Amino acid sequence: LNSLRSDVAILACDVQNDYLTAECRERGWILAGPEFGSGAGQNMIVKKAPCGLKSSGAAFRAHLADALNAMDHRPSCADPDVWLRPAVKPDGAECYEHMLCHVDDVLCMSHDPKKSMKRIQQDFKLKDDKIAEPDVCLGATLSKMRLESGKHCWTMSPEQHVKAAVVN
């Protein structure tokens, strides 16, 4: 069980229809079916990245990167899915806001993560319009606990993930 001292807040969101928010990188067309109404039977150019194309994941990642860049976040040197932005704590101390991205899941650690998450929500439709404290991240169970000192920390446990892996 690992813990991280938390004098910052953590919020998470899940982008809905992630690939369909990005422009398709491949050239393709479809023959429209009856669901296209009066357009049925016509050839139509694919503009958005459908799930299943080799380039769809990269197209969404680039689209998300553009949004984070517009928010003045920059990818870290150690991991391009960890984005940083200089920030200032309420007490005036300098720090960094972190955005962690894994495909369509975004986790924000900051003194005011709601502001950044609302900005993400302007660019992307979120599943159930939900921005909340995370309970799972990459298969690990997350929880918040109070230390004896009265401070809060986040804990991360792989227990549920390991149990499921053993069963499978």
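These are my notebook entries on a predicted model.

**Ground rules.** I number residues from 1 along each chain as its sequence is written, and for side-chain values I use heavy atoms, leaving out hydrogens and water. Because the model is predicted, I ask for pLDDT of at least 70 for local features and 80 or more for side-chain atom pairs, while totals for chains, interfaces and linings use all residues.

**Fold.** I looked up the secondary structure and found three helices and 11 strands. Helices (H or I, at least four residues) and strands (E, at least two) are DSSP runs, numbered from the N terminus. The order along the sequence is β-β-β-β-α-β-β-β-β-α-β-β-β-α. The radius of gyration, taken over C-alpha atoms, is 20 Å, well over the 15 Å from the globule rule for 168 residues, so the chain is more spread out than a compact globule. That rule is 2.2 Å times the number of residues to the power 0.38. The C-alpha trace spans about 70 × 45 × 30 Å along its principal axes.

I find 31% of the 168 residues buried. Buried means under 20% relative accessible area, exposed over 50%, and partly exposed in between (1.4 Å probe, protein chains only). Among contacts (heavy atoms within 4.5 Å) with a separation of 6 or more, 51% join residues 24 or more positions apart.

**Aromatic pair.** How many aromatic pairs does the structure hold? I count one. The rings of Phe60 and Phe124 have centres 5.9 Å apart and planes at 70 degrees, so the pair is edge-to-face. Rings of Phe, Tyr and Trp (its six-membered ring) pair if their centres lie within 6.5 Å; planes under 30 degrees apart count as stacked, over 60 as edge-to-face and the rest as tilted. Phe60 sits in helix α1 (residues 56-70), and Phe124 in the loop between α2 (113-123) and β9 (136-137), so the pair links parts of the chain 64 residues apart. Both residues are buried.

**Serine 56.** I went back to helix α1 for Ser56. Is Ser56 buried or exposed? At 1% relative accessibility, Ser56 counts as buried. Leaving aside residues up to four places away in sequence, Ser56 touches Tyr19, Ala49, Pro50 and Cys51.

**Isoleucine 45.** Ile45 lies in strand β4 (residues 43-45). Ile45 is exposed, with a relative accessible area of 65%. With Trp29 and Leu31, Ile45 makes a nonpolar surface patch of about 400 Å².

Key. Patch = residues over 30% accessible without salt bridge, like charges linked within 9 Å, V, L, I, M, F, W, Y side chains within 5 Å. Areas by Shrake-Rupley, 256 points an atom, 1.4 Å probe, with all protein chains shown as cover. Salt bridge = Lys/Arg side-chain N within 4 Å of Asp/Glu carboxyl O.
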